[in-house]
Amino acid sequence: MTARENYFKAVRFERPDYIPMTFVITPSCWNNYPHEALFDLMEEHKFLFPDFKRPKNKVIPHFHPVARKGIPYKDDWGCIWETTVDGITGTVTGHPLADWNSFEMYQAP
């Protein structure tokens, strides 16, 4: 069975050979675990990482603005996001409508 056929069997609940999925190593993992150990894991699990080729250099993780430690981020809605761990999505710590008196002046993006 091809990957396409398997996908459609899964969509139709017709007992596919495997459940289609995408598996990734998150930026937070690259930031917190030894890269060689993660490379070993990826090589050992060919089903999860079928196209993996061990890179020569270290992986440099790129964090989304809401997942950067110590750098508050203001989103388009005016919410302030903060996190204590690089790579882990933070929480909203500042709200544009924390005071209902601001409602009349608030403009949605």
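Guide: A contact means heavy atoms within 4.5 Å. Not counting residues up to four places away in sequence, Thr83 touches Val66, Ala67, Arg68, Lys69, Gly70, Ile88, Thr89 and Gly90. The model is a predicted one, in which local features need pLDDT of at least 70 and side-chain atom pairs count only at pLDDT 80 or more, while totals for chains, interfaces and linings use all residues. Residues are numbered from 1 along each chain as its sequence is written, and side-chain values use heavy atoms, with hydrogens and water left out.

Visitor: Where is Thr83 found, and is it buried or exposed?

Guide: Strands (E, at least two residues) and helices (H or I, at least four) are DSSP runs numbered from the N terminus. Thr83 is in the loop between E2 and E3. Buried means under 20% relative accessible area, exposed over 50%, and partly exposed in between, with a 1.4 Å probe and protein chains only. Thr83 has a relative accessible area of 12%, so it counts as buried.

Visitor: Which backbone oxygens lie by a polar atom of the side chain of Thr83?

Guide: A polar contact is a pair of N or O atoms within 3.5 Å; within protein, one must be able to donate a hydrogen and the other to accept it, and residues adjacent in sequence count only if both atoms are side-chain atoms. For Thr83, the backbone oxygen of Ile88 lies 2.9 Å from a polar side-chain atom, and that of Val85 lies 3.3 Å from one.

Visitor: Which residues make up the largest nonpolar core?

Guide: A nonpolar core is a set of buried Ala, Val, Leu, Ile, Met, Phe, Trp, Tyr and Cys residues joined through side-chain atoms within 4.5 Å. The largest one here has seven residues: Ile25, Trp30, Leu38, Phe39, Met42, Phe49 and Phe52. Helix H3 (residues 35-44) supplies the largest share, three residues. Leaving aside neighbours within four places in sequence, Phe39 is in contact with Trp30, Phe52, Arg54, Pro55, Asn57 and Val59.

Visitor: What can be said of His35?

Guide: His35 is found in helix H3. The relative accessible area of His35 is 9%, so this residue is buried. Its side chain reaches the backbone oxygen of Trp30 at 2.8 Å. Not counting residues up to four places away in sequence, His35 touches Trp30, Lys58 and Val59.

Visitor: How many disulfides does the structure hold?

Guide: A disulfide is a pair of cysteine sulfur atoms within 2.5 Å. The structure holds zero. Cys29 is partly exposed, at a relative accessible area of 25%, whereas Cys79 is buried, at 17%.

Visitor: Finally, how is the overall form read?

Guide: From the N terminus on, the elements run α-α-α-β-β-β. The radius of gyration, taken over C-alpha atoms, is set against a globule rule of 2.2 Å times the number of residues to the power 0.38. The value here is 21 Å, well over the 13 Å that the rule gives for 109 residues, so the protein is more spread out than a compact globule. Along the principal axes, the C-alpha atoms fill a box of roughly 60 × 40 × 15 Å. Buried residues make up 18% of the 109 residues.
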